[in-house]
Amino acid sequence: MTQHDRLLIIDFGSQVTQLIARRLRELKVYCEIHPYQNVTDAFLAEFSPRAVIFSGGPCSVFDEGAPMPPRSVFDLGVPILGICYGQQAMMQMLGGKVERGHKTAEFGRAYVVPKDGKLDLLNGWFEDEREQVWMSHGDHVSEIAPGFEVYGTSPNAPFAITADPSRHFYAVQFHPEVHHTPNGRKLYENFIRIAGFTGDWTMGAYREDAIAKIREQVGDKRVICGLSGGVDSSVAAVLIHEAIGDQLTCVFVDHGLLRLNEADEVVSMFRDHYNIPLIHADESKLFLGELEGQSDPETKRKIIGRLFIDVFQKHANEIEGAEFLAQGTLYPDVIESVSFSGGPSVTIKSHHNVGGLPEKMGLKLVEPLRELFKDEVRALGRELGLPEKFIGRHPFPGPGLAIRCPGEITRDKLDILRQADAVYIDQIRKHGLYDEIWQAFVAILPVRTVGVMGDGRTYDYACALRAVTSVDGMTADYYPFSHDFLGETATRIINEVKGINRVTYDITSKPPGTIEWE
């Protein structure tokens, strides 16, 4: 197995730490995020990073117990980049000074201008005399540590860019990882070049390593995989099958809440195209029966999650000798499970997964995607030869159409919703907009409205179209369709879908709304 050069990101709680990792992965550098409290001297020795980045964070170095990296990190002899709070922590520990905010706070767009002196970190910067950056700080560095020089300033950050080039220590007060620092990628490119990374983090290399790891972990034992039909579990299944062949059996739980023809497409792809052993558990009657009369969204989600575990376990028990459960866990899930604070967070909505299964069934986990972000999973899927139409599909929630049907769920409403959704997605594809949109779907509303069709009166359902743009689903903006597109789509839905006589378009961003309706 290949031993990749590794970059360590020490997390001090910034909301955008994951963006640092994404930027580095895009540059074919393998990196991991670890909360500061887990980064001990022993951890550093074992991890052996080629370079280290200190993230930003919400704290002040003046707080009691303010988060700090271990002092031994500065003795590793590797390049270090401190960002925002990371800069302040670096200065504080190396002999500089930090002052509290007040009048010198900066939040939002700012401009940095260069100081005298050339710095290898800034190759390609300041070609237009100043650089736009994104600031988000209250405190600021007031005195740099011995050995450091100033290479850039902003109106409220006199030490916006500082460095000790002899030790390859660099520190910036702004966030180069965010979109609002347009030339931030160049800064990261320079940093990894200074650190000597070769850019060996590719999906081809990852595929080979993952297959070797799966074979080593599983041996001659059997694996079961809960297949939802989504991209993550599908890529995991194809990868594991490539590693161990018929030792893998997939269980596809069809809860009756899928899109039009989706169950047939999933079964066909896995049985016919990949010849992967598959149990198609059509349990739609069970799920829809249990959901009858339920209108509370949390109750619906919990029913679906409970039944999924019960049904999966029932069919998995038919597979003799299974010792492993495969899951499509991604790296953001791993990061969030070892969060910076470790504290409780508000539950916005329950998430549907098979998280309770390993303990309940006594199975060991196989999670071959746990080092990957979503875009990397799609790249791996392409590497494995999954159809582009499937790989590029918009995200689809585990509870399926149940959360796009506010209020009580009925078979009639689900049938209407499937037809409307199919027309909507067909429209988006015909207009060449599908790949510009993160997620698009129809929600059928729990109200009927009066309409006129021909010479007759109708009393049918209203529906809402939803389409958003996003990078990672954490925040989202509605997609700005033209009125011509919306008018044409509404006409098609009303004409082609019996049961809908009114179409609306949801222009709520996230936040304050969520992407899904429930």
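Begin by selecting Gly-196, which adopts a positive phi of about 85° just after helix α4. Helices (H or I, at least four residues) and strands (E, at least two) are DSSP runs numbered from the N terminus. The model is predicted: local features need pLDDT of at least 70 and side-chain atom pairs count only at pLDDT 80 or more, while totals for chains, interfaces and linings use all residues. Residues are numbered from 1 along each chain as its sequence is written, and side-chain values use heavy atoms, with hydrogens and water left out.

**Helix α4**

Next, select residues 184–195, the 12 residues of α4. From first C-alpha to last, α4 reaches 17 Å, close to the 16 Å expected at 1.5 Å a residue; the expected span is 1.5 Å times one less than the number of residues. Colour the buried positions (under 20% relative accessible area, 1.4 Å probe, protein chains only): Gly-184, Leu-187, Tyr-188, Asn-190, Phe-191, Ile-192, Ile-194 and Ala-195. The elements covering them include β1 (6–11), α1 (17–26), β3 (51–54), β4 (80–83) and β11 (169–172).

**Leu-81**

Move to Leu-81 in strand β4. Leu-81 counts as buried because its relative accessibility is 0%. Leaving aside residues up to four places away in sequence, its contacts (heavy atoms within 4.5 Å) include Leu-187, Tyr-188 and Phe-191, as well as Val-52, Ile-53, Phe-54, Met-90, Tyr-170 and Ala-171.

Select Leu-260, Glu-265, Lys-389, Arg-393 and Arg-429, which lie nearest the centre of the second largest pocket among its 22 lining residues. Elements giving two or more residues to this lining are α7 (262–273), α13 (388–391) and α14 (411–430). The largest share, 6 residues, comes from α14. A pocket here is an open set of points on a 1 Å grid over the protein atoms alone where a 1.4 Å probe fits, with protein on both sides within 12 Å along at least five of seven lines; lining residues have an atom within 4 Å of a point.

**The whole chain**

Finally, zoom out to the protein chain, with its 15 helices and 20 strands. Its C-alpha atoms fill a box of roughly 80 × 60 × 40 Å along the principal axes. Of its 518 residues, 55% count as buried. Among contacts between residues at least 6 apart in sequence, 76% join residues at least 24 apart.

How values were computed. Buried < 20%, exposed > 50% of the residue type's maximum accessible area, 1.4 Å probe, protein only.
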